[in-house]
Amino acid sequence: MKDQRLYLDRAGWEVSVNPGPSSINCFHTCDGDYYGRILPGEVHVHKDNQDFCVNCAIENGILTTERPTLP
Ligand SMILES: [Zn+2]
């Protein structure tokens with residue numbers, strides 16, 4: 001199995017799951033209306049009133065696949 005891990009790389013950001021029943025709009029308008037929504041059950045990151053889907057969080061450097069080096 002491919003190693004698929006994401007690391008939160010920004011202070012003050014948190015990871016949550018949209019509890020539903022409504023979708024949440026992605027703060028960073030991503031590809032079209034459907035993909036701009038964070039659906040119920042979808043993992044996303046947020047800070048203050050900014051919600052980013054995982055794709056936009058990776059694109060903006062909030063989430064990264066780069067493993068941090070151990071201190
Ligand atoms: Zn997005």
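Reply: Two residues are in contact if their C-beta atoms, placed from the backbone, lie within 7 Å. Here Ala57 touches Val45, Phe52, Ile62 and Leu63, leaving aside residues up to four places away in sequence. The model is a predicted one, in which local features need pLDDT of at least 70 and side-chain atom pairs count only at pLDDT 80 or more, while totals for chains, interfaces and linings use all residues. Residues are numbered from 1 along each chain as its sequence is written.

Me: Which strands make up the open sheet, and in what order do they lie?

Reply: Strands of a sheet pair through backbone hydrogen bonds, either parallel or antiparallel. Strands are DSSP runs (E, at least two residues), as helices are (H or I, at least four), numbered from the N terminus, and two strands pair if DSSP finds at least two bridges between them. In this open sheet, three strands follow the order 2-5-6 with antiparallel pairing. Strand 2 (14–17) and strand 6 stand at the edges with a single partner strand each, so one side of each is left without a neighbour in the sheet.

Me: How many bridges join strand 5 to strand 6?

Reply: Four bridges join these antiparallel strands, and Val45 has Phe52 in strand 6 as its bridge partner. Strand 5 and strand 6 form a hairpin with two residues between them, where Asp48 in the turn has a positive phi of about 50 degrees. Strand 2 also pairs with strand 5 (residues 43–47) over four bridges in the antiparallel sense, and Val17 stands opposite Val43 in strand 5.
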